[in-house]
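A briefing on both topics follows the display.

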There are 2 protein chains.
Amino acid sequence: MAKIYEHHFQVPFYATDIKGDIKLSQLINQCLLVTGLQSEVLGLTDQALYATYGLVWVVTDYQMDIRRLPHFAEEVTIKTQATSYNKLFCYRDFVISDQEGQVLVEILASFVLMDAQTRKVVPVIAEVVEVFGGQKTKKIYRSFKPDLAKADTPEPIQVTSTDFDQNGHVNNSRYIDWLFTGLELDFLRQHFPKRLSISYKKEVKELAPLQLLASHEGLTSQLAVTSSLGTHVQAVIDWEVVDNGRAE
Amino acid sequence: MAKIYEHHFQVPFYATDIKGDIKLSQLINQCLLVTGLQSEVLGLTDQALYATYGLVWVVTDYQMDIRRLPHFAEEVTIKTQATSYNKLFCYRDFVISDQEGQVLVEILASFVLMDAQTRKVVPVIAEVVEVFGGQKTKKIYRSFKPDLAKADTPEPIQVTSTDFDQNGHVNNSRYIDWLFTGLELDFLRQHFPKRLSISYKKEVKELAPLQLLASHEGLTSQLAVTSSLGTHVQAVIDWEVVDNGRAE
């Protein structure tokens with residue numbers, strides 16, 4: 001049975017956007033923080049994983065379903081469990097709820113184990129994942145592919161040295177902000193992302209020029225972050241019009 | 001006597017840079033979080049300030065002196081007090097210490113009160129600042145001016161909608177990351193900012209093109225974020241070479 005870990009936090013100002021909703025990038029940061037806390041409690045920190053096996057956890061996909069985004073100063077609960085794994089992928093759920101216990105956001109995250117030296121994915125090691133109590137499964141959550149046949153002119157993305165983390169690559173949550181490149185302020189005031197699927201394909205290890213390919217049709221954005229090296233990230237966002245009369 | 005508020009926190013992964021040091025932008029985010037917590041304890045939250053007086057706190061300057069930056073997973077203490085105020089400015093200190101009580105970073109922040117509607121600075125209201133116990137003073141900390149006579153070719157800065165906060169302007173901490181625009185990864189691996197002075201001159205309220213003017217000489221960077229509207233931010237950074245043998 002997968003072990004559930006629960007964490008309460010109050011949404012800080014710096015994590016919120018122009019309408020006071022938590023940014024998706026910041027929500028992911030908080031979820032990964034909670035993952036780290038669970039790993040600590042269960043005795044297999046990222047540092048221990050690296051020291052014992054020479055391995056690091058790498059996120060490959062997030063699927064986020066959003067009923068409402070937590071807003072500035074709201075107290076929310078994040079519950080997480082590493083539900084299952086197959087030969088290559090480990091799956092973890094996050095459920096973010098408000099103080100009345102209403103589910104606001106659900107996230108499915110896919111992770112792989114990577115050799116820190118070779119940067120190659122390695123098969124799941126049973127003793128590493130069994131700590132978390134998840135089930136072995138044959139189920140594989142397939143990653144999707146955005147349709148960019150009708151993409152607009154690519155928007156350049158500016159990469160700066162502060163976008164990089166200790167893994168020597170652009171931090172995964174930075175790409176989530178970059179998906180918003182080119183969106184008008186009024187669009188962001190009037191819409192929120194109802195669904196985000198993002199798939200990490202290739203690391204960015206240098207200060208090289210990137211671009212965002214985007215195709216916006218109706219309330220769906222199909223997106224890819226690319227460079228001369230190929231596709232780094234693929235994503236689809238479904239938007240919903242903000243209901244200003246919504247009960248908060 | 002100014003009231004001291006103390007807060008402990010552990011540096012999360014998402015707040016750190018390529019060498020695992022906390023980013024200055026994230027350190028400021030944490031300091032402002034602590035300011036908010038003190039305001040709550042003393043019964044004058046930002047929400048109450050706005051509701052009662054129609055005012056908001058706005059940062060005009062930070063002076064940061066850094067002995068060593070807290071690193072990933074380190075537990076540190078932030079102590080803050082609103083030490084003094086004059087006719088227009090309120091001054092607040094932050095002292096960040098490690099677990100042995102060694103001072104790592106000292107920050108002097110200058111704030112003004114702004115009318116939320118007119119966006120004009122208003123004179124300090126005694127009853128608003130006296131809650132924090134600071135002394136009235138005639139001392140004014142003058143803001144500095146970087147020397148940009150020999151600035152390099154301006155670097156464009158990309159502004160995206162996620163850079164904006166609920167005040168409808170680019171969040172102050174974003175400029176701190178932008179000051180690093182154009183710096184090579186190896187420079188950031190081998191140096192850390194020993195001193196940062198930053199002065200906020202003019203809000204950015206639209207998705208307009210910005211640029212970074214920079215003059216790097218020796219271990220000092222003189223910097224300004226500008227647009228067709230003028231200068232938004234001025235800054236000076238003094239760098240120090242990382243001592244990899246430093247005791248941590």
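The briefing below takes the chain contact and then the cavities.

This is a predicted model, and what is said here rests on computed values. Chain B and chain A bury about 3200 Å² between them, and a search of the whole structure finds 5 cavities of 30 Å³ or more.

**Contact between the chains**

- The contact draws 38 residues from chain B and 38 residues from chain A, and carbon and sulfur atoms give 55% of the buried area.
- On the chain B side, B:Tyr14, B:Thr162 and B:Gln166 supply 21% of the area that chain B buries against chain A, which is more than any other three residues.
- Between chain B and chain A there are 0 salt bridges, whereas 10 residue pairs, both at pLDDT 80 or more, are in polar contact.
- The elements α1 (24–41), β8 (155–157), α4 (172–178) and α5 (185–190) of chain B each supply at least two residues of the side that touches chain A, with the largest share, 3 residues, coming from α1(B).
- By class, that side of chain B has 15 nonpolar, 14 polar and 9 charged residues.

**Cavities**

- The largest cavity has a volume of about 570 Å³, and 37 residues line it, of which A:Gln26, A:Arg174, A:Asp177, B:Arg174 and B:Asp177 lie nearest its centre.
- The lining of the largest cavity divides into 8 nonpolar, 19 polar and 10 charged residues.

Note on methods. Residues numbered from 1 in each chain as written. Chains lettered and ligands numbered in written order. Predicted model: local features only at pLDDT ≥ 70, side-chain atom pairs only at ≥ 80, totals over all residues. Heavy atoms only, no water. Contact = heavy atoms within 4.5 Å. Buried area = accessible area lost by both parts, 1.4 Å probe. Salt bridge = Lys/Arg side-chain N within 4 Å of Asp/Glu carboxyl O. Polar contact = N/O pair within 3.5 Å; in protein donor to acceptor, adjacent residues only side chain to side chain. Helix = DSSP H or I, 4+ residues; strand = E, 2+ residues; numbered from the N terminus. Nonpolar A, V, L, I, M, F, W, Y, C, P; charged D, E, K, R; others polar. 1 Å grid on protein atoms, 1.4 Å probe; cavity = no way out; pocket = protein on both sides within 12 Å on 5 of 7 lines; lining within 4 Å. Points joined across faces, edges and corners; volume = space filled by probe spheres on them.
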